[in-house]
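Open the model in your viewer and keep the selection tool ready. We will go from stop to stop and look at side chains.

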Amino acid sequence: MRVLVVEDEPELLQVTAQTLRESGFAVDEAADGEEGLYKATTWEYDAIVLDLMLPKIDGWTLLGKLRKKKKTPVLILSARDGVRDRVQGLDIGADDYLVKPFELSELLARLRALIRRAAGQALPQIKIGDVTVDTRTRTVTKDGSLADLTGREYAIVECLALQRGGLVTRTYLYEHIFDENDDSLSNLIEVHVSNIRKKLGKDFIKTRRGQGYIVDD
Ligand code: CA
């Protein structure tokens, strides 16, 4: 899952982005509202973490402009704990709100919940046949035993599982699994898919030739 963090305090931006990466997210960063708005409207994110008090364009304005184009889930992060700010953020179209200082574990849990809900998935565990994907622990079990997936492989499985039954294009996978700085050869989706099939069964991921992939039970 790929998220954008828009935050002008360098230390908080760095710590937040780092924590999200360690938890398996692909993370893009923006240090002001202008850069944030550009990235938010240009790329496809699974969620956006948005500070309110930002240079160039403030968080409310950014969110208002974004909502004219996209419904990407947005979690507002703000030092302001006033009810008015919170209500205004939610009214403009934010999906959740976290007041600074916050626990990174809570930010992670809220982001996972936002992404699940946006995919129409209420529970953290997704069952597909004999395979269970646990988005909370980022683990996959097959017939009850833990599958030994790499971080990239897990990210692909999660992405497909959240949209099970639907066609997921290769472009979609590239956009949602790799961040803006990632252009290594290890990005070859086909290679990862082939390795996932070795671990979860060759029919777990079906290929629609020239279109993309599907998982379904
Ligand atoms: Ca700020």
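Is R136 buried, exposed or partly exposed? R136 is partly exposed, with a relative accessible area of 47%. Keep in mind throughout that this is a predicted model.

**Stop 1: the partner of R136**

The side chains of D134 and R136 meet in a salt bridge, with N and O 3.4 Å apart. D134 is buried, at 7% relative accessible area. That value falls under the 20% cut-off for buried.

**Stop 2**

Clear the selection and pick D28 and R2. Here is another salt bridge: the closest N and O atoms of D28 and R2 are 2.7 Å apart. Now show the strands. D28 sits in strand β2, residues 26–30, while R2 sits in strand β1, residues 2–6. The two residues are 26 apart in sequence, so their bridge ties together separate parts of the chain. Are D28 and R2 buried or exposed? Both D28 and R2 are buried.

**Stop 3: two loops**

Next, select K100 and E9. Their side chains form a salt bridge, at 3.4 Å from N to O. Follow the chain on either side of each residue. K100 lies in the loop between β5 (96–99) and α5 (104–118). E9 lies in the loop between β1 and α1 (10–22). The pair links distant parts of the chain, 91 residues apart. K100 counts as buried, at 13%. E9 is partly exposed, at 39%.

**Stop 4: a network**

Salt bridges that share partners join E7, E9, D51 and K100 into one network. How many salt bridges are there in the count? The count comes to 19 salt bridges.

**Stop 5: two rings**

Leave the charges and turn to aromatic rings. The structure holds one aromatic pair. Select Y174 and F178 to see the rings. Their centres are 5.7 Å apart and their planes meet at 45 degrees, so the pair is tilted. An angle under 30 degrees would count as stacked, and one over 60 as edge-to-face. Now compare the surroundings of the two residues. Y174 is partly exposed, with a relative accessible area of 31%. F178 is buried, at 3%.

Definitions and conventions. Residues are numbered from 1 along each chain as its sequence is written. This is a predicted model: local features need pLDDT of at least 70, side-chain atom pairs count only at pLDDT 80 or more; totals for chains, interfaces and linings use all residues. Side-chain values use heavy atoms; hydrogens and water are left out. Rings of Phe, Tyr and Trp (its six-membered ring) pair if their centres lie within 6.5 Å; planes under 30 degrees apart count as stacked, over 60 as edge-to-face and the rest as tilted. Buried means under 20% relative accessible area, exposed over 50%, partly exposed in between (1.4 Å probe, protein chains only). A salt bridge is a side-chain nitrogen of Lys or Arg within 4 Å of a carboxyl oxygen of Asp or Glu. Helices (H or I, at least four residues) and strands (E, at least two) are DSSP runs, numbered from the N terminus.
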